Amino acid sequence: MAEAALKTSTTEARLARLALPEGGWTAAARKDAKARVEAMGLPDRRDEYWKYTHPDTLTQADAVPAALFHNDEAPLFGEIDRIRIVFVDGVFDAEASDDLVGEGLAIERLAEQSADIHWARDLYGALEARGQSPVERPLAALNTAYATDGVLIHVTGKASKPVSLHYQHRDETSDAILHHVIKVDAGAELTLLETGPAAARFNKVMEVDIADTGVFHHVRAQGRDHERRAATHIFTRLGSESTFKSFTLTANGVLTRNECIIELTGDDAIAHVAGACVGDGDFHHDDTVFITHDAVNCESRQVFKKVLRNGATGVFQGKILVQPGAQKTDGYQISQSLLLDDDSQFLAKPELEIYADDVACSHGSTSGAIDETALFYLRSRGVPRAQATDLLTLAFLAEAVDEIEDEALREEIVDRLAGWLERHRK
Amino acid sequence: MLSIKNLQVKLEEEDKEILKGVDLEIEAGKVHAIMGPNGSGKSTLSYVLSGKDGYEVTGGSADLEGEDVLDMEPEERAAAGLFLAFQYPVEIPGVGNMTFLRTAVNAQRKARGEEEMSAADFLKAVRARAKELKIDADMLKRPVNVGFSGGEKKRNEILQMAMLEPKMCILDETDSGLDVDAMKLVAEGVNALRNEGRGFLVITHYQRLLDHIKPDVVHIMADGKIVKTGGPELALEVENNGYGNILAEVA
């Protein structure tokens, strides 16, 4: 009883700090989401689903301040011709952003929604609500109710260039909530890029609805030695012969919880979700994935690699659910960590739940140290220990990074990882 | 060039003495071969010289051009000019052969205070060496030793040797796992690198490698010591009569 009361008071305190945007075509979805989050209550450490990650700083009334972050690295994706959209502490920055126009797509802002019917009305909060079962995700419902801005992207053809979302942080106590909705039409294609620490506390939801034969590529880089705390959710539904590929690089960040909830609802669909993370010190990173196969002959891959040092913690919770009738499912899940010292830890909970009888599903999870034999081999050729360790670390991360199809993007991510490893050498 | 005096080594974990006083002098431009039965300490000698963990030097010294190599980290030994061609080259998934080679070449140059090699110069050099060693360009693009045949792995070792241009090359049972054709190719590579300023220590079980890499001096090692030293004819004697007679003679 006392626990329930505590949960209620935490939820009330958090919601009291937020204002429910009124009017517009999101009103009904927001009202519904608010009721859901109130009923669920925000998570606490007693929830099984949050067993390995303490959500306190994500749910408490105010954000823990995060010092502003300065580094002299060139902005990621800077060399790529793209439509750049900038949010500073969760607020759209028109001056720093490009015009929201591009061939094959229409981009609007959530905060500028009209009062009338909109294409996103049937999607906003819909995939998030579907994703609440069988596991509750109250932080996502909170987002749907209280999101202050975000982008609505309707992809109608093959987008002529990627859309790139840049999240900047200028206020040490900022507490940003963004909600993006992406609708990929049949045969349409988009690459979405995301980068930057965003805010002291960041709550983001992205809903992606991919019609038959649609293609969506997603590459994001977050953290970058920032003190921020973040909870992000991607909810995706895939039609027949469609493709969803998402890669995330996380380089530090005090607390990061990335959830990805994927439904393969059309035959022959493909969903790949991958992550490479490098963490140092008080870093805590959690990848939580739930993939539902609900159609025939679909393929899913989860490839997560974490490098942890100086007491950092990595978490992976990944599940493949194969519904009855989802025959010829090909599901692959691998989560591995490289622990560079005895103080760091990796907590993994890989799961398969299969109700079809003609499927190929595999999963594996390992934790290990640097291979001393390989290290000696490199050193015997003149490569100093620290550099050799970095080489082997990059090699360990390669399987996840290789999930990025675009070579230029892949190279940028590898460069960024190499730079981080060099900066964080002991 | 390489001067080993009364070198004594034991295995750290087992507290077992492996080398019991090895003495060896290898001059620049000379090829020395060490032969000996299994367990005589040949590979241990190569590992200790290159700085592998797990061995404790309990006595003696090993100097390369007057510098004590036993005091150096493995990478420092490499930069000083020591190279070990491994009996079993390590597979390193995810690290490209070219990336690895360029990193090694430039790390050594940096350690010696030399200018790093540009990407273009490196590419030109590695392609030329690969061609000489009949190494397929595809092999350079693959991860280090991953999926390589035994012969390819050994040729890759010789390619590394050619690119790093060491002063002292140690070949640890380079003939193991090779057919005659592969062995010839590897030997040709080694012979191409022979010059007046470079010394070689070829560790082998069998005489057949020495048909292709003609040694100047042959040593027989047994029970952690060099028990006999002679010319190339000593290898032929082993080939014909085994180690029995020699070991009985020195017992």
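How many positive and negative side chains does chain B have, and how far apart do the centres of the two sets lie? Chain B carries 30 positive and 43 negative side chains, with the two centres 6 Å apart. Here Lys and Arg count as positive and Asp and Glu as negative, while His and the chain ends are not counted; each charge is placed at NZ of Lys, CZ of Arg, CG of Asp or CD of Glu.

A note before the views: this is a predicted model, in which local features need pLDDT of at least 70, side-chain atom pairs count only at pLDDT 80 or more, and totals for chains, interfaces and linings use all residues. Residues are numbered from 1 along each chain as its sequence is written, chains are lettered from A and ligands numbered from 1 in the order in which they are written, and side-chain values use heavy atoms, with hydrogens and water left out.

**View 1. Chain A as a whole.** Chain A has eight helices and 20 strands; helices (H or I, at least four residues) and strands (E, at least two) are DSSP runs, numbered from the N terminus. The C-alpha trace spans about 70 × 50 × 50 Å along its principal axes. For 426 residues a compact globule would have a radius of gyration near 22 Å, and the 21 Å of chain A agrees with that; the radius is taken over C-alpha atoms, and the globule rule is 2.2 Å times the number of residues to the power 0.38. Of those 426 residues, 59% are buried, where buried means under 20% relative accessible area, exposed over 50% and partly exposed in between (1.4 Å probe, protein chains only). Among contacts (heavy atoms within 4.5 Å) between residues at least 6 apart in sequence, 85% join residues at least 24 apart. As for charge, the mean positions of the 44 positive and 70 negative charges of chain A are 3 Å apart.

View 2. Two strands pair if DSSP finds at least two bridges between them. Strand 13 (residues 255-264) and strand 15 (residues 284-293) of chain A run parallel and are joined by 10 bridges. Look for E263(A), which sits opposite T292(A) of strand 15.

**View 3. Strand 14 of chain A and its two partners.** Strand 14 (residues 270-280) of chain A is mostly covered, with 10 of its 11 residues buried. Strand 12 (residues 243-251) of chain A pairs with strand 14 in the parallel sense over nine bridges, and F244(A) has A271(A) as its bridge partner. Strand 16 (residues 299-309) of chain A also runs parallel to strand 14, through 11 bridges. There, D280(A) stands opposite R309(A).

**View 4. Strand 11 of chain B, covered on both faces.** All this strand's residues, 217-222, are buried (six of the six), so strand 11 of chain B is largely enclosed by the rest of the structure. V217(B), H219(B) and M221(B) lie on one side, and V218(B), I220(B) and A222(B) on the other. Strand 3 (residues 31-35) of chain B pairs with strand 11 in the parallel sense over four bridges, with H32(B) opposite V217(B). Strand 12 (residues 225-230) of chain B pairs with strand 11 in the antiparallel sense over five bridges, and V218(B) faces G230(B) across that pairing. The hairpin of strands 11 and 12 of chain B has two residues between the strands, and D223(B) takes a positive phi near 50 degrees.

**View 5. The four-strand sheet of chain B.** An open sheet with antiparallel pairing runs in the order 2-1-4-5 in chain B. Strand 2 (16-26) and strand 5 (67-68) are the edges, each pairing on one side only. Eight bridges link strand 1 (residues 2-11) of chain B to strand 2 in the antiparallel sense, and I4(B) has L24(B) as its bridge partner.

**View 6. K184(B) on helix 7.** K184(B) belongs to helix 7 (residues 180-193) of chain B. K184(B) is partly exposed, with a relative accessible area of 38%. Although K184(B) and L209(B) are 25 residues apart in sequence, their C-alpha atoms are 8.2 Å apart in space.
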